[in-house]
Amino acid sequence: MEIYREGKKIILTEQEVFLAYEEQENLYDQENVRENMETYLTAEQYVKLKGNKSFIEEAAFLLRTYLDKNNMTYEYAIAEAIKDAAESVKIEEE
């Protein structure tokens with residue numbers, strides 16, 4: 001695949017294209033977790049987890065796993081991923 005960056009032609013291998021796709025997919029999943037977590041968490045959980053990078057990464061990973069391997073609907077997968085990640089990530093007491 002050819003792309004142009006700052007006027008220069010760059011040729012990407014299939015592996016580089018695939019890795020870029022996976023990276024963008026992960027960023028998309030993390031953003032969807034951020035946008036939906038308030039819906040599926042208690043108010044207390046949300047306050048404690050909204051800035052927790054580990055939680056967001058875990059929920060995004062679970063979301064993609066549930067979509068790809070468990071054949072869940074998107075709505076069910078994101079709800080379950082957020083709930084399951086909240087249970088697995090340790091919340092530090094303030």
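Helices here are DSSP runs of H or I with at least four residues, strands are runs of E with at least two, and both are numbered from the N terminus. With that settled, asparagine 71 sits in the loop between H3 and H4. I will come back to that residue.

First, the ground rules. This is a predicted model, in which local features need pLDDT of at least 70 and side-chain atom pairs count only at pLDDT 80 or more, while totals for chains, interfaces and linings use all residues. Residues are numbered from 1 along each chain as its sequence is written, and side-chain values use heavy atoms, with hydrogens and water left out.

Now the overall layout. The chain has two strands and four helices, and from the N terminus the order is β-β-α-α-α-α. Its radius of gyration is 17 Å, well over the 12 Å that the globule rule gives for 94 residues, so the chain is more spread out than a compact globule. That radius is taken over C-alpha atoms, and the rule is 2.2 Å times the number of residues to the power 0.38. Along the principal axes, the C-alpha atoms fill a box of roughly 50 × 35 × 20 Å.

How much of the chain is buried? Of the 94 residues, 27% are. Buried means under 20% relative accessible area, exposed means over 50%, and partly exposed is in between, with a 1.4 Å probe and protein chains only. As for contacts, meaning heavy atoms within 4.5 Å, consider those between residues at least 6 apart in sequence: 52% of them join residues at least 24 apart.

Next, the core. In soluble globular proteins, nonpolar side chains tend to be buried together. A nonpolar core is a set of buried Ala, Val, Leu, Ile, Met, Phe, Trp, Tyr and Cys residues joined through side-chain atoms within 4.5 Å. The largest one here has 20 residues, and those touching the most other members are Val33, Met37, Leu41, Leu49, Phe55 and Ile82. Two or more residues come from each of helix H1 (14-40), helix H2 (43-49), helix H3 (53-69) and helix H4 (74-88). H3 gives the most, with eight residues.

Take valine 33 from that list. Leaving out residues up to four places away in sequence, valine 33 touches Phe55, Ile56, Ala59, Ala60, Ile78 and Ile82.

On to how the helices pack. Two packed helices are described by the angle between their axes and the distance between the axes. The axes are lines fitted to C-alpha atoms, for helices over the stretch in contact, and angles run from 0 to 180 degrees between N-to-C directions. Angles under 35 degrees count as roughly parallel, over 145 as roughly antiparallel, 65 to 115 as roughly perpendicular, and the rest as oblique.

The axes of H1 and H3 come within 8 Å and cross at roughly 110°, so the two helices are roughly perpendicular to each other. H1 brings Glu25, Asn26, Asp29, Gln30, Val33, Arg34 and Met37 to this contact, and H3 brings Phe55, Ile56, Glu57, Ala59, Ala60, Leu63 and Arg64. By class, these are seven nonpolar, two polar and five charged residues. For those classes, Ala, Val, Leu, Ile, Met, Phe, Trp, Tyr, Cys and Pro are nonpolar, Asp, Glu, Lys and Arg are charged, and the others, Gly among them, are polar.

Aspartate 29, in helix H1, is buried at 2% relative accessibility. Not counting residues up to four places away in sequence, aspartate 29 touches Ala60, Leu63 and Arg64. Glutamine 30 also counts as buried, at 12%, and with the same exclusion it touches Ile56, Glu57 and Ala60.

H1 also packs on H4, at an angle of about 75° with the axes 9 Å apart. That makes H1 roughly perpendicular to H4. The residues involved include Asn32, Val33 and Tyr40 of H1, with Tyr74, Ile78 and Lys83 among those of H4. Alanine 79 of helix H4 is buried, with a relative accessible area of 8%.

Finally, the backbone. Most residues other than glycine have a negative phi. What is phi of asparagine 71? It is near 55°, a positive value, and asparagine 71 is exposed at 70% relative accessibility. Glutamate 6, in the loop between strand S1 (2-5) and strand S2 (8-11), also has a positive phi near 55°. Glutamate 6 is exposed, with a relative accessible area of 80%.
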